[in-house]
Amino acid sequence: MDYQQAENLTTGPRATPLPVKNYLPPLLDALDRPGRELRGMLVAGTNGKGSTCAFAVSGLAACGLRVGSMPGPHLQDSTERIRVNNVPVSRSAYTAAYTEVDAAARRLSEPLDAPALRAAAAVMHYRRVGIDLAVMEASAGGRDTAVNSFDLGVKVITNVALDHTDMLGDTYAQIAWAKAGVVRDGDHVLLGDLPPEAEQMVRHVLADHSGLTVWRLGEEIRVTAGAADAVPGTAYEAKAGDGPSSVAPAQRTVAQVSTPLGTHRDLPCPLRGAHQERNLALAVAGIDALRERGLVPGFTERRLREGLAATTWPGRLELVRPARLDDWSGSVLLDGAHNPHSVATVIPEVRRMADAGRAPVLVFATKETKAAAEMLAELPAEWPLLVTVTGSSPAADPEYLARCVAGRPHTHRAPDVSTALRHAARLTGPGGLIVVIGSLALVGEARTLLGLPPG
């Protein structure tokens, strides 16, 4: 099996949508139960999962641990879905893991889906290379997500918003029921910001379990933040054409996070946006929960700060400066805000970063299953907008997106992301700002066009 064949396993017939169910256990049995000894953190929720995992992995790795993670979806390369200490595996290691998984899958009569295959490949790699802890991101659901097959011990629910309503239900309570389904007896549970209806449902689900330790953001977990002076190496900016995304001088945020284990001061938060301070707090609380279980023997405050300072997470308010397209040079801000809640969350930060006297140009695309009209309604109406389509299926048609904003001035259509970015460059002019926002597939294609490597 080569890399392309391995990638096709999760994009071909086996990726066909199946009823919401965890299809992983039979495959794990066929592989001699990889992952049965894994401990660590499982992160569920509507938004913020990837950033919370990135912070947690960085902090734990700085304490001398080897940490496996499997974020999704990937932006540019499927290898991004299997990581050790936030570094994607090589294509040869990726292929080797899927070769073993495919051989086991062929011996089964039970149905399999893409999440099951991906989770199995990740834990097969972790078994081969050896890891100390796992930080796993739940997919759209929670209760029926493939990674809920692993008894990690610490569970995080970042937040609950209306997304994937076709699978999870169209109320906060229904979605919260699915997310809280990751909890098992004896878990250490961390809860982020929850709407009242979702919080009530989560409490109801937790009441059915015994031996839980529950920490809530705003109660047992507290975070305060303030801006510090501009210093080198603290805020994340990607430089196109300079190899891997790099860190450049910019304004940083310093946070103080308190948990029942104590107060952590002067914690750098290199990812942009006030929402990242909450994600940082949940990640630090998760590390404290693991410490309480004796799983972080090398912990020191200095190591925690160093790890958090090194956190990068491409495609989340990622500023590419300078960015170049043909003979245009300017800045491109990338964010995979893929539902109305996440768009509303990041737009205030986008406004702060925009030049008050010069409107940026928006480039937007999303999946056809998303609430496109609601997402578009959150975008500043006075900024020019280009709607386009990605090469990833199922993507919303630009004509449909244009109809969603029929009364909006300065709206343009583009048949693909490459055309959209070049049109946006002409509209904004030299030195201007292009804001790429919507699906993570859109962000991934834009990063590739800008010459940024997978990360």
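Helix axes are lines fitted to C-alpha atoms, for helices over the stretch in contact, and angles run from 0 to 180 degrees between N-to-C directions. The views below show a predicted model.

**View 1. Crossing of helices α14 and α15 in the predicted model.** Helix α14 spans residues 417–428 and helix α15 spans residues 440–449. Their axes come within 10 Å and cross at roughly 70 degrees. Because angles of 65 to 115 degrees count as roughly perpendicular, α14 is roughly perpendicular to α15. The crossing of the two helices is right-handed. On the α14 side, the contact is made by Val417, Ser418, Leu421 and Arg422; on the α15 side, Leu442, Glu445, Ala446 and Leu449 take part. Sorted by class, the contact of α14 with α15 has five nonpolar, one polar and two charged residues.

View 2. Apart from neighbours within four places in sequence, Leu442 is in contact with Val363, Phe364, Ala365, Thr388, Thr390, Val417, Val436 and Ile437. For orientation along the chain, Arg184 is 258 residues apart from Leu442, and the C-alpha atoms of the two residues are separated by 36 Å.

**View 3. Strand β6 and its pairing with β1 and β7.** Strand β6 consists of residues 153–159 and is mostly covered, with seven of its seven residues buried. Strand β1, residues 40–44, is joined to β6 by five bridges, and the two strands run parallel. Within this pairing, Val43 has Val156 of β6 as its bridge partner. Strand β7, residues 188–193, also pairs with β6 in the parallel sense, over five bridges. Here Asn159 stands opposite Asp193 of β7.

**View 4. His275 in helix α9.** Helix α9 covers residues 274–292 and includes His275. The relative accessibility of His275 is 15%, so His275 counts as buried, the cut-off being under 20% relative accessible area. When residues up to four places away in sequence are not counted, His275 touches Leu317, Thr345 and Val346.

How values were computed: Residues numbered from 1 in each chain as written. Predicted model: local features only at pLDDT ≥ 70, side-chain atom pairs only at ≥ 80, totals over all residues. Heavy atoms only, no water. Helix = DSSP H or I, 4+ residues; strand = E, 2+ residues; numbered from the N terminus. Parallel < 35°, antiparallel > 145°, perpendicular 65-115°, else oblique. Left-handed = near helix turned anticlockwise from the far one by under 90°. Contact = heavy atoms within 4.5 Å. Nonpolar A, V, L, I, M, F, W, Y, C, P; charged D, E, K, R; others polar. Buried < 20%, exposed > 50% of the residue type's maximum accessible area, 1.4 Å probe, protein only. Pairing = 2+ DSSP bridges.
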